[in-house]
Amino acid sequence: MTVSLVLLFGVLLALLLRFKALGAGAAVIAVLFGFYLADTGARTTINDLMSAAISALPDRNP
């Protein structure tokens with residue numbers, strides 16, 4: 001089963017907010033940082049890094 005990283009990070013952010021490990025202001029800053037980071041030249045490098053990290057995980061499907 002493939003899960004979108006956006007969904008995964010969204011759930012993680014929601015959990016951090018729920019358990020008050022991250023304030024609402026910090027969450028807004030994190031979301032805006034990600035939004036604006038996606039519009040920079042670093043987008044390709046970050047995407048490649050995440051793809052490599054995911055492909056390095058062991059395959060759990062038999």
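L15 comes out as partly exposed, since its relative accessible area is 42%; here buried means under 20%, exposed over 50% and partly exposed in between, with a 1.4 Å probe and protein chains only. The model is a predicted one, so to speak of local features takes pLDDT of at least 70 and side-chain atom pairs count only at pLDDT 80 or more, while totals for chains, interfaces and linings use all residues. Residues are numbered from 1 along each chain as its sequence is written, and side-chain values use heavy atoms, with hydrogens and water left out.

L15 sits in helix α1, residues 5-18 (helices are DSSP runs of H or I with at least four residues, numbered from the N terminus). Together with L7, V11 and F19, L15 makes a nonpolar surface patch of about 420 Å². Patch members have over 30% relative accessible area and no salt bridge, and nonpolar side chains (Val, Leu, Ile, Met, Phe, Trp, Tyr) are joined within 5 Å. A salt bridge would be a side-chain nitrogen of Lys or Arg within 4 Å of a carboxyl oxygen of Asp or Glu. Areas follow the Shrake-Rupley method with a 1.4 Å probe.

A14, also placed in α1, is partly exposed at 42%.

K20 is found between α1 and α2 (24-37) and is exposed, with a relative accessible area of 73%. K20 has a positive phi of about 55° although it is not a glycine; most residues other than glycine have a negative phi. A38, in the loop between α2 and α3, is partly exposed at 40%. A38 and A21 are 17 residues apart in sequence and 25 Å apart, C-alpha to C-alpha.

Of its 20 lining residues, L5, V6, F9, G34 and F35 are the closest to the centre. A pocket is an open set of points on a 1 Å grid where a 1.4 Å probe fits, with protein on both sides within 12 Å along at least five of seven lines, and lining residues have an atom within 4 Å of a point. Helices α1, α2 and α3 (42-56) each supply at least two lining residues, and α1 gives the most, with seven. By class, the lining has 15 nonpolar, four polar and one charged residues, with Gly counted as polar and Asp, Glu, Lys and Arg as charged.

Terms used: Patches are made of residues with over 30% relative accessible area and no salt bridge: like charges are joined within 9 Å, nonpolar side chains (Val, Leu, Ile, Met, Phe, Trp, Tyr) within 5 Å.
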